[in-house]
Amino acid sequence: MASSSIARNGLALSLILAAHGAAQSSSPSSGGGSCMTEIVSLAPCLGYMSGNASKPSWPCCSALSTAVASNPRCLCMVLGGTASSLGVTVNNTRALQLPAACDVKTPPPSQCKCELAAETTSR
């Protein structure tokens, strides 16, 4: 049980580092601002998105719902590899399944391609 807690804390720390990277890479010209709060709030979802949990927890689904309501474009950063580039393993297939598993309506993932392309060209 202690090793599970240590693993969770390590993942949360990695997510915070990923969020810091996302905040650093967020361009003011893309109309954004920082996604740090939204990305860090998704820490309870790491078990599901990394394939270590068969279903998302209630805190995960609650955080997802809040992130969608406050700044849905920040979810694109999770899909865009920001977390993976900093050592947090996110299975994009599982990340894409998360809204349905939580019964949370999100914008279509195809909108992320536009967001990520705009961010990449603005750097």
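**Fold and core of the predicted model**

Of the 123 residues of the protein, 34% count as buried (under 20% relative accessible area with a 1.4 Å probe, protein chains only). The model is predicted, so local features need pLDDT of at least 70 and side-chain atom pairs count only at pLDDT 80 or more, while totals for chains, interfaces and linings use all residues. Residues are numbered from 1 along each chain as its sequence is written, and side-chain values use heavy atoms, with hydrogens and water left out.

The protein contains eight helices and zero strands (DSSP runs numbered from the N terminus, H or I of at least four residues for helices and E of at least two for strands). Among contacts (heavy atoms within 4.5 Å) between residues at least 6 apart in sequence, 72% join residues at least 24 apart.

In soluble globular proteins, nonpolar side chains tend to be buried together.

Arginine 94 lies over the face of tyrosine 48, at 3.9 Å from the ring centre; a charge sits over a ring if NZ of Lys or CZ of Arg is within 6 Å of the ring centre and within 35 degrees of the ring normal.

Notes
Buried means under 20% relative accessible area, exposed over 50%, partly exposed in between (1.4 Å probe, protein chains only).
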